[in-house]
Amino acid sequence: MEGNKPTTVMCTVLALDHSNLFYRACSVCERTLPDTPNSLCRFCDSFNPASSSSSKRLFRLLVSIATDTKVLNVICFDRAARVLFGCSADEFFDFAKIHPFAAANAGTILEGEMFKMTLSKPKNGNAQHLRAVSVLPLRTGFRPAIETLRELYGVRASS
């Protein structure tokens, strides 16, 4: 990748780190929150102490991909990860509470899938992985992981 210009690649998913798929963020401003339950957003509360903003989970996936020339580890944040999973991080978290192997199975389901990914360098100087800012499935019959998992576990989709 030259400079900070995003690069688009055709790639195959090799693996997904299913041990840490989410982070907590403020529902109002989407700033990262500590993992401790009931922690309030310091940013929102400093501007409006009367509001106690709730939190939500957002995806942060570490995915190993192979292009035609190299193997890379990339981070898929929420928007890109929703293409792979087909649901919100909160929805997947709730599904995985009932089906403990869902995260590992999601990784298995996505292995070998081909995508067109737009990768960019992280804006944070301390970050070590490229960001997948856009993900487009290349297989016509691609189904997001949650659809295959619902079928596997015999669960109907909630509307």
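Let's start with cysteine 29, which is partly exposed at a relative accessible area of 27%. Partly exposed means between the two limits: buried is under 20% relative accessible area and exposed is over 50%, with a 1.4 Å probe and protein chains only. Cysteine 26 is buried, at 0%.

A word on the model. It is predicted, so local features need pLDDT of at least 70 and side-chain atom pairs pLDDT 80 or more, while totals for chains, interfaces and linings use all residues. Residues are numbered from 1 along each chain as its sequence is written, and side-chain values use heavy atoms, without hydrogens or water.

Now the strands. These are DSSP runs of E, at least two residues, and helices are runs of H or I, at least four, all numbered from the N terminus. Two strands pair if DSSP finds at least two bridges between them. E3, residues 55–66, pairs with E4, residues 71–77, antiparallel, over seven bridges. A hairpin of four residues joins E3 to E4. Valine 63 sits opposite valine 74 in E4. E4 also runs parallel to E6, residues 130–137, with two bridges. There, isoleucine 75 has arginine 131 in E6 as its bridge partner.

Last, glutamate 113. Its place is the loop between helix H4 (102–110) and strand E5 (114–120). Buried or exposed? Glutamate 113 counts as buried, at 10% relative accessibility. Leaving out residues up to four places away in sequence, glutamate 113 touches Cys11, Thr12, Val13, Arg139 and Phe142, where contact means heavy atoms within 4.5 Å.
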